[in-house]
Amino acid sequence: MFISDCRREFYDVIVSQRVLLLVASDVDALCACKILQALFQCDHVQYTLVPVSGWQELETAFLEHKDQFKYFVLINCGANVDLLEILQPEEDTFFFVCDSHRPINVVNVYNDTQIKLLVKQDDDLGVPAYDDIFRDDEDEEEDSENESEGSEPSEKRRRFEEDIIERTMKRRQRREWEARRREILFDYEQYEYHGTSSAMVMFDLAWIMSKDLNDMLWWAIVGLTDQWIQDKITQMKYVTDIGILQRHVSRHNHRNEDEENSLSIDCMRIAFEYDLRLALYQHWSLYESLCNTSYTSASLKLWSVQGQKRLHEFLADMGLPLKQVKQKFNSMDMSLKENLREMIEESANKFGMKDLRVQTFSIHFGFKNKFSASDIVYATASLMENIEKEGPETTNFIKALDSLSRGNLDKLHQGLALAKKQLRAIQQTVASCICTNLVISQGPFLYCSLMEGTPDVKLFSKPVSLCLLSKYLLKSFVCSTKNKRCKLLPLIMAAPMDVEQGTVIMVGIPPETESSDKKNFFGRAFEKAADSTNSRTLHNHFDMSNIIEIAQLRPHLIGIKVNPFPQKNHSALIDLYLTSRWYNGQLCLLETYPASSYFDLQPVTESCIWARDEDLHNEK
């Protein structure tokens, strides 16, 4: 059930209770958690925080704590599945779900007792009507056979025939309703996407309660920026939400220099600005940032010798010496830094990079420390997916959560160092994949597989890192290829996840188009492929749209049947068919059906020819 008054129906209910917080492992969820923690601290609410990275951990955490808690708050998890079916809770257990994943499960929407959804009311959810998907079972009334002794046989026959006709009509109506219900649910659930940031939803709650602080506002900004960097929302959605937050920034950070009681420069200040679309450039060298930012690297094609020449021409056009751009940004001459943004924007237009400027926010701690919202996102995400084990599994989560507090700048700087390492690894892997032709164009999709032994392959066993790599690779490949048709194709990418357990992680990325609505259809495609091939797979991630884990216990096949723009006729769903197998640590392509356009809406009529065991043995 959707909550219309978050303060009365959510916060006032839990403020006097013991609460269990179940928080997903993403930056937006961490920011929402920090805001809620600050509110709980103000009102002395007792709570326990449990990080969960997937459905298995969510179920385990619930089973461990269900006897101690009756009120559960789920952040960025739980909205897109039937919670009651998965967790099987008692009737006196209540769930408050703040989740940006869409679409929301219809059972959660229409459950009025145990499921409470904290959702931005302005979001266009498109939830089907209750009567279209739920129907009360009507007990068929049986006609009494206690007829009077004087009733005529003809009367009994007539009533019996009428009863048969009535029951037949009811069954036909039932079948028509069920067919219509399947069609409605298919249209509603076929694509997965993201709604308003959970951090923004929590900040709205704090604002309604007049308890919003500058720190909470900053966390809301970081949560929104995470969605934009991870390419989860459209540019229009990002700009709209930026405008909402900009009004709050003006309210909290308004300064009048004539006032005697103006705040000290040591206090935290948030500022709206048009900044460069360069990753970590204020904490790196400008040269390294240009080389390791996906937008500039793909536009200049920096994996090639010609691309390196274009980069030097770009710097020469701005009049920036290599000695200056290769040293730390803070050490550059002030005369160059004063007009740097204008110089880069002017030259970027000449080199086809028209979107190098972006609306964002920055935060100041005195004179020395200045960070942009994207800096915090990269640092926090890198801390959360740090592959170096330094203790329990929750260590990375706690470090990432602590890095969002301004009193833990040492952890934030540690995260920035990890982020630089991650961006370098992504850039090098992308260059390697393109230069060695690892990206294969196979009919209606692009396909790439990272083999065991690839440098930094362990880093890409994490979902966020692999998704960033896949999007970077798709953007770069589209810029490098001369085939215009490839620009309209999605990318399927796989990487080893756990060599000892023999598991592989696979992601699907929609086509790189300017008009993309950021909706992903690969979640349903992977599920259908797993069912049709009897593969041992695990859909354990909350972001079910494009991530799947595959057991590599034996050579097996993966089949994907999907149409990105399905017709109402379900038979037209089958359009894209990937047939592949894992063998000796590498995903090898066997067959592809059909070799048609990605936008071809014709159903597949060919039968799939699976590789036989002796064929696989001979290939060995």
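This is a predicted model: local features need pLDDT of at least 70, side-chain atom pairs count only at pLDDT 80 or more; totals for chains, interfaces and linings use all residues.
Student: Which residues of H18 are buried, then?
Tutor: They are Thr395, Asn396, Phe397, Lys399, Ala400, Leu401 and Ser403. Because seven of the nine residues of H18 (residues 395–403) are buried, the helix is largely enclosed by the rest of the structure.

Student: You mentioned H2 and S2. Where is His44 relative to them?
Tutor: His44 sits in the loop between helix H2 (27–43) and strand S2 (47–52). Its backbone deserves a look: phi is positive, about 55°, although His44 is not a glycine.

Student: Is His44 buried or exposed?
Tutor: His44 is exposed, since its relative accessible area is 70%.

Student: What about Asn76, what is its phi?
Tutor: Phi of Asn76 is near 60°, again a positive value in a residue other than glycine. Asn76 belongs to the loop between strand S3 (71–75) and helix H4 (83–87).

Student: And is Asn76 buried or exposed?
Tutor: Asn76 counts as buried, because its relative accessibility is 1%. His44, by contrast, is exposed.

Student: Staying with the backbone, which peptide bond is cis?
Tutor: The bond from Arg102 to Pro103 is cis, with omega near 5°. Pro103 lies in the loop between strand S5 (101–102) and helix H5 (106–109).

Student: Let us move to the surface. Which residues gather in a patch of positive charge?
Tutor: Lys301, Lys482, Lys484 and Lys487 form that patch on the surface.

Student: Where does Lys487 lie?
Tutor: Lys487 is in the loop between helix H20 (463–480) and strand S13 (491–498).

Student: How much relative accessible area does Lys487 have?
Tutor: The value is 35%, so Lys487 is described as partly exposed.

Student: Back to H20 itself. Where is Ser465, and is it buried or exposed?
Tutor: Ser465 lies in helix H20. Ser465 counts as buried, because its relative accessibility is 0%.

Student: Which residues is Ser465 in contact with?
Tutor: Leaving aside neighbours within four places in sequence, Ser465 is in contact with Glu385, Gln422, Ile426, Leu459 and Phe460.

Notes: Residues are numbered from 1 along each chain as its sequence is written. Side-chain values use heavy atoms; hydrogens and water are left out. Patches are made of residues with over 30% relative accessible area and no salt bridge: like charges are joined within 9 Å, nonpolar side chains (Val, Leu, Ile, Met, Phe, Trp, Tyr) within 5 Å. Accessible areas come from the Shrake-Rupley method with a 1.4 Å probe; for residues, only the protein chains shown count as cover. A salt bridge is a side-chain nitrogen of Lys or Arg within 4 Å of a carboxyl oxygen of Asp or Glu. Lys and Arg count as positive and Asp and Glu as negative; His and the chain ends are not counted. The place of a charge is taken as NZ of Lys, CZ of Arg, CG of Asp or CD of Glu. Helices (H or I, at least four residues) and strands (E, at least two) are DSSP runs, numbered from the N terminus. Buried means under 20% relative accessible area, exposed over 50%, partly exposed in between (1.4 Å probe, protein chains only). Contact means heavy atoms within 4.5 Å.
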